[in-house]
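Reader: I would like to go through the salt bridges of a protein model. Could we look at it together?

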Amino acid sequence: MFDTKIAIVLRDALPVWQKLNVTAFVTSGIVAQFPEIIGEPYRDRAGNLYNPMSIQPVIVLSADAATLSTIHRRSLERGVTTSAYVEEMFSTGHDVANRTVFAEFAPDDAKIVGIALRAEKKLVDKITKGARMHD
């Protein structure tokens with residue numbers, strides 16, 4: 001149904017609350033990059049209006065730190081823009097602080113805990129090779 005795939009890869013050793021937090025943040029980056037994936041608002045039988053959501057399914061994967069670093073490197077090598085969340089962002093409290101701490105790292109020393117990408121299906125599969133379905 002879709003030529004593209006949205007994948008989120010989380011570091012497997014994170015506590016659940018951090019996995020959920022990272023998922024929300026990196027997903028928002030994909031929506032910002034591809035606003036066309038947002039459908040129409042939802043409406044229930046009583047007429048209440050709800051926010052529109054993604055028209056495209058999202059796959060959530062997990063990987064260890066080394067595999068996440070490899071996925072990060074592969075995405076950069078292939079020119080796929082991602083949403084990335086580094087470990088140090090857990091200690092910040094707002095957007096400016098997040099971007100400040102993120103800028104302190106380069107791809108070779110960033111402790112990526114979550115990454116999201118949307119690209120052609122086969123490319124996403126190649127980039128995320130080694131990650132597994134999140135359980």
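Reader: Which side chain meets aspartate 125 in a salt bridge?
Author: The model is a predicted one. In this model, the partner of aspartate 125 is lysine 5, and the N to O distance is 2.5 Å.

Reader: Where do aspartate 125 and lysine 5 lie?
Author: Aspartate 125 belongs to helix H4 (residues 121-127), while lysine 5 belongs to strand S1 (residues 4-11), so this pair ties together parts that are 120 residues apart in sequence.

Reader: Is lysine 5 buried or partly exposed?
Author: Lysine 5 is partly exposed, because its relative accessibility is 23% and the buried class ends under 20%. Aspartate 125 is also partly exposed, at 38%.

Reader: Now another topic: how many salt bridges does the structure hold?
Author: The structure holds 7 salt bridges. One of them joins the side chains of glutamate 77 and arginine 73, at 3.0 Å from N to O.

Reader: Which helix holds glutamate 77 and arginine 73?
Author: Both residues lie in helix H2 (residues 65-77) and are 4 residues apart, about one turn of the helix.

Reader: Why does glutamate 77 count as exposed?
Author: Glutamate 77 has a relative accessibility of 54%, and exposed means over 50%. Arginine 73, at 42%, counts as partly exposed.

Reader: What does arginine 99 form with aspartate 95?
Author: Arginine 99 and aspartate 95 form a salt bridge, with their closest N and O atoms 2.6 Å apart. The two residues are 4 residues apart in helix H3 (residues 95-102), so about one helical turn separates them. Aspartate 95 counts as partly exposed, at 48% relative accessibility.

Key:
Residues numbered from 1 in each chain as written. Predicted model: local features only at pLDDT ≥ 70, side-chain atom pairs only at ≥ 80, totals over all residues. Heavy atoms only, no water. Salt bridge = Lys/Arg side-chain N within 4 Å of Asp/Glu carboxyl O. Buried < 20%, exposed > 50% of the residue type's maximum accessible area, 1.4 Å probe, protein only.
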